[in-house]
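Here are my notes for you, written as numbered points. Keep the structure open while you read and look up each residue as it comes along.

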Amino acid sequence: EVPACAECHADLATAFAGSHHGKAFAHDDAYAAASCESCHNGAAKHAETGEPGDVQTPREAGTLASNAVCSSCHNNNEQHAFWSGSAHEASGLACIDCHSVHSAQVERRGIAMTGTTQLCLSCHTTMNVAMTQRSRHPLREGQMDCASCHNPHGGLSEKLIKADSVNDLCYGCHQEKRGPFLWEHSPVREDCQTCHDPHGSNNTDLLVARASQLCESCHLQGRHQTVAGLDSSAWNSNRSCLNCHSQIHGSNHPSGPLFQR
Amino acid sequence: AAAEPNPWRFSLDLGGIFADISGDRTSKAEEYRDLSDGALLDNGVLDFENAESPWSFDMTADNVGRRDQRAGLRWGLAGRFRVDASWVQTPHFLSEGATSLWTRSGGNLEIPDAVQGQIESFFTATPAPNTAQARTFMNGILAQNAHTIDLETRRDTGKVKADFDITQHWSVAVAAKDESKSGTGRIGSGTYIRRQTVNSFDRNRFEPRSNELPMPVDWKDRSYGLGTGFHHQGWFFNAGWQESSFTNSIGSLTWDNPFEGLPGATSSRTGLTPGSDQEPSGATANTNNRGRFAQAQLDLYPDNDYERFNMTGGVNLPARTRVNASYSAATMKQNDPFLAYTINPAVIYGNGADGIGGTPDDVLAKDVALPRASLDGEVQTTRLDLRVTSRPLDPLSLRGAYRVYEYDDKTPSILFPGYASAGDSYFRPGVGQRNAAGTRVLFNEPGGYKRTSWSVGGAWRFGDPATLDVEYVNTGMDYDERQVKSTSEEQLSAKLRLAFGENFEARLTYLDASRDADGIYHVGFETSRLRAFDVWNRDRTRYGAELTWMLAEGTTLGFVYQNWQDDFPGVLPEPTPPSTSNPYPSQAYGLNETANDSLALSLSHGAENWNLSLSVGLDSSKWTSEATAKTTLTADSPQFSPTNAWRRTQDDDVLWAGLAFDAKLGAKGKLDIQIDYNDYKGSYDTVNLGTPTINDGVAYAVPDFSSSLLSGQIAYSWELNEHFGFGAKYLYEPYKLDDWQWDLVEPYMQGILKETGGSPGAVRDATANRSLFLDSTYSDYTANVFALFVTIHY
């Protein structure tokens with residue numbers, strides 16, 4: 001049926017044939033029965049009559065129907081299994097809002113952001129600010145993208161992340177902080193986001209607030225007064241409390257209960 | 001017959017980069033990228049496009065030969081296998097031109113003995129040198145002996161994953177990742193110098209307090225994975241196993257103290273009072289000489305291992321119902337050998353009954369046997385997820401979920417006789433822990449937790465114009481060793497989506513949540529009974545609106561507003577009955593409130609030959625906490641005075657903008673413009689809550705911070721013919737930073753700071769302090785980067 005459609009839709013057919021879908025339809029036994037009709041209701045009739053109204057594109061069929069078409073093949077693997085009930089599904093998003101079925105549409109943009117990140121930012125507008133913060137992950141440089149951490153198709157963890165927990169996700173790249181350590185800092189062990197904003201921050205080191213403001217949000221100051229500029233102040237130069245308590249992610253040194261070793 | 005088209009396609013940008021980056025410390029310009037002068041080999045693609053062939057092949061390469069190079073490969077046989085591989089180098093340029101007195105050899109930071117001796121002699125001379133003399137002297141030492149180093153690391157990540165379709169319904173996947181990180185970072189290392197009495201220490205005497213060291217980084221992580229899956233029309237089941245091993249080839253860092261050529265062994269053993277933490281007991285007791293070290297050592301990240309097993313399945317049921325379930329179990333282990341308490345031969349362990357205190361003839365801490373040789377740490381995590389979704393009616397969708405994540409810390413708790421305070425100054429029995437008799441003890445507190453949540457939700461579509469989605473989430477946390485026993489949180493959220501015609505859509509969101517802490521029971525290390533905000537009572541609201549208006553075909557206007565507010569109400573009550581070991585009154589210190597407002601406007605237009613996308617936003621956040629100071633160091637009397645309390649709000653405002661424009665210029669030309677802007681101002685509002693009774697309780701104002709980045713790039717490309725084209729890019733990027741915490745940094749001197757006096761009027765400038773900084777900072781820069789290249793297509 002593809003050749004029949006290709007008689008009139010040659011450009012689409014050519015692009016489709018080289019795509020992942022086209023290759024699968026042509027060469028994978030699992031999709032031997034697939035055709036244009038699989039996604040386009042009325043394609044066969046349209047091929048006979050030539051009437052535009054006889055065929056329906058997935059977009060014309062509406063979000064629910066078009067997603068159902070995609071899910072008929074893509075719901076039975078871990079990548080897509082959790083689409084139903086996911087944040088994007090609940091927001092009324094259609095698969096074809098992000099994916100081009102016939103061919104890849106993402107354009108490589110040199111040293112600017114990668115296609116995936118740009119795509120996400122087109123809806124998550126307020127996240128644009130994170131791209132230019134003082135401390136951030138290397139998304140602008142294309143060394144990673146939103147999909148490095150998030151599965152946009154849904155997942156069982158919070159915020160569509162691709163791990164059992166936030167910390168488990170972070171440990172995927174920051175293995176050195178995995179521990180366990182002799183001296184643990186409980187908030188660190190439970191949620192990296194207690195202190196860090198992974199999307200970027202205008203404080204150093206992705207911190208949600210500047211040290212010592214962040215530290216004193218839990219720790220009352222005993223011998224380190226948080227008065228700017230004082231000799232013994234935790235507000236003093238460089239990284240504040242972290243000048244001394246540098247092993248804040250945990251220490252394995254017998255003399256490190258205060259994370260100084 | 002017509003020739004068969006060549007199925008192989010190759011393209012590459014080949015040219016050069018010419019960069020001018022001006023500024024004092026310009027590492028920020030190349031934080032995660034390489035903009036240096038040199039060859040440009042970018043956007044390389046080699047792929048195989050033959051619709052008649054089941055084979056596929058696609059290889060990409062970017063920034064070849066540069067520090068941020070990366071490559072990718074996809075290779076597959078439709079219906080049989082797919083291989084995805086990538087190799088990415090990510091530089092992290094922390095600081096250019098840090099000043100180091102040390103030369104590194106493996107895990108040792110060394111200073112020639114002669115230099116150490118020269119410095120020590122100068123600062124131990126009688127009379128002690130004054131500040132101006134000290135500064136002149138140290139600058140001379142640095143000029144003669146220090147060298148500059150770039151603090152930079154590089155991450156190399158290689159990944160490969162292969163999926164095999166064994167049958168139509170059965171697949172197997174194998175994966176491997178090799179990741180290394182190497183270079184030089186920086187790490188702090190505090191030492192402790194106790195003044196004899198307030199305001200009486202010799203402030204002209206150099207001793208390192210806050211130390212910043214170049215940290216050797218030589219890490220590797222290798223991970224492997226194996227998985228299999230069964231996929232049928234109505235159900236699937238996957239199972240997988242992953243393993244990861246992290247190794248750090250430099251497990252400790254030993255560094256010479258520039259101010260001490262030989263440890264103060266003799267003086268450190270005088271004036272110590274057995275049984276009193278080896279702290280000075282009076283005006284005539286040992287002061288700053290106690291335990292002074294010539295060398296110190298700190299631990300770097302230990303090796304660790306990780307292993308995880310997971311299985312996931314899903315099945316379709318009648319009434320468009322879907323059930324998914326997933327389970328995983330993982331183990332994290334760490335068993336690196338412990339280092340000694342200290343390597344300083346001037347620190348006494350003591351031979352008293354409680355293992356503390358000492359006399360000049362006591363055992364040295366560096367020789368004391370550890371209770372264990374290593375931690376034998378082990379954590380087991382388990383996760384169980386169940387989710388049911390259903391669409392019984394076209395307009396109605398329902399969902400329910402249950403989740404348990406348990407972090408079970410099986411690490412043994414070890415009782416230590418004490419620790420070398422800050423590693424190298426003196427030995428003390430503990431931090432804040434006490435046993436039933438009120439005696440200080442020290443042990444690690446492995447603390448696990450369990451997070452349990454369940455949720456129900458549903459959405460109703462009121463035809464095309466509206467959808468209402470409502471969800472309730474209940475989350476409980478149970479802790480082994482936190483300040484509270486448990487927390488429970490209820491959250492209710494709603495989303496309303498409204499469509500007005502085909503051109504206007506509005507999405508409104510609201511969330512309300514309340515978290516309650518229960519069972520305040522645990523003090524642990526922190527004697528001040530900290531009110532940890534991450535486990536404290538919290539009232540949370542979130543609301544927002546998103547409006548999308550299609551002004552015309554291809555033209556869309558967007559508006560987004562979001563408001564987040566977290567309040568942390570309530571006071572930490574006084575212990576009942578009042579405890580002499582925790583004699584603190586009820587208080588609400590700590591984080592009180594965080595708030596964030598985000599506003600964004602966007603406009604996009606797509607025409608036949610050009611596209612424009614413009615976004616502008618304002619982001620404002622507040623972080624308010626209360627703090628207080630100690631009035632006395634006496635252990636068993638009220639130490640925190642309400643009159644010495646203050647409230648401080650960090651107020652961050654960011655104005656940002658982004659513009660992307662591309663246009664076809666004629667049949668062969670293309671123009672791309674990308675502009676990003678970020679202007680940040682951080683200000684602090686400080687309010688004294690009472691009338692301070694001592695000088696160091698005064699909450700002085702904190703100066704503002706600011707930074708701005710403008711990044712503008714214009715690119716033009718022109719296709720000469722089927723095989724060749726030309727291109728040019730220009731990047732203009734000025735960055736400005738005003739960070740007083742960094743501006744105060746001088747290598748090996750802290751710079752001008754206020755020094756505490758005995759009264760508010762006695763606060764005065766101290767022209768030198770005892771911090772040992774590398775000056776690992778960066779500053780303003782302006783980057784002008786040109787790239788000229790030829791594009792080759794075959």
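This is a predicted model: local features need pLDDT of at least 70, side-chain atom pairs count only at pLDDT 80 or more; totals for chains, interfaces and linings use all residues.

1. Let's begin with chain A.

2. Staying with chain A, how much of the chain is buried? Of its 261 residues, 56% are buried. The accessible surface comes to about 10,100 Å², and carbon and sulfur atoms hold 59% of that. Now take the contacts with a separation of 6 or more: 46% of them in chain A are between residues 24 or more positions apart.

3. Have a look at helix H3 of chain A, which covers residues 20–27. Its buried residues are Gly22(A), Lys23(A), Ala24(A) and Phe25(A). What do the buried residues of H3(A) pack against? They meet helix H2 (10–18) of chain A together with strand E3 (55–62) of chain B.

4. On to the charges. Side chains of opposite charge can pair when their charged atoms come close. Over all chains, the count comes to 47 salt bridges. One of them joins Arg59(A) and Asp97(A), with the closest N and O atoms 3.1 Å apart. Arg59(A) lies in helix H6 (residues 58–61) and Asp97(A) in helix H9 (residues 95–98), so this pair ties together parts of chain A that are 38 residues apart in sequence. Asp97(A) is partly exposed, at a relative accessible area of 37%.

5. Another salt bridge is formed by Arg383(B) and Asp164(A), and here the closest N and O atoms are 2.6 Å apart. This pair crosses between chains: Arg383(B) is in strand E16 (residues 377–393) of chain B, while Asp164(A) is in the loop between helix H10 (115–121) and helix H11 (166–171) of chain A. Are the two residues buried or exposed? Both Arg383(B) and Asp164(A) are buried. They also belong to a network of salt bridges that links them with Arg308(B), Asp385(B) and Arg403(B).

6. Chain B has a salt bridge between Asp34(B) and Arg66(B), at 3.4 Å from N to O. The two are 32 residues apart and link distant parts of the chain: Asp34(B) is in the loop between strand E1 (8–22) and strand E2 (38–48), and Arg66(B) is in the loop between E3 and strand E4 (70–77). Asp34(B) counts as buried because its relative accessibility is 7%, and Arg66(B) is buried too, with a relative accessible area of 5%.

7. Two strand residues of chain B deserve a look. Ala162(B) sits in strand E8 (residues 147–165) and counts as buried at 9% relative accessibility. Arg538(B) is buried, with a relative accessible area of 11%, and the residues it touches include Glu489(B), Asp566(B), Asp567(B) and Phe568(B).

8. Asp743(B) is found in helix H4 (residues 740–743) of chain B. Since its relative accessibility is 52%, Asp743(B) counts as exposed.

How values were computed. Residues are numbered from 1 along each chain as its sequence is written. Chains are lettered from A and ligands numbered from 1 in the order in which they are written. Side-chain values use heavy atoms; hydrogens and water are left out. Helices (H or I, at least four residues) and strands (E, at least two) are DSSP runs, numbered from the N terminus. Buried means under 20% relative accessible area, exposed over 50%, partly exposed in between (1.4 Å probe, protein chains only). Contact means heavy atoms within 4.5 Å. Accessible areas come from the Shrake-Rupley method with a 1.4 Å probe; for residues, only the protein chains shown count as cover. A salt bridge is a side-chain nitrogen of Lys or Arg within 4 Å of a carboxyl oxygen of Asp or Glu. Lists of a residue's contacts leave out its neighbours within four places in sequence.
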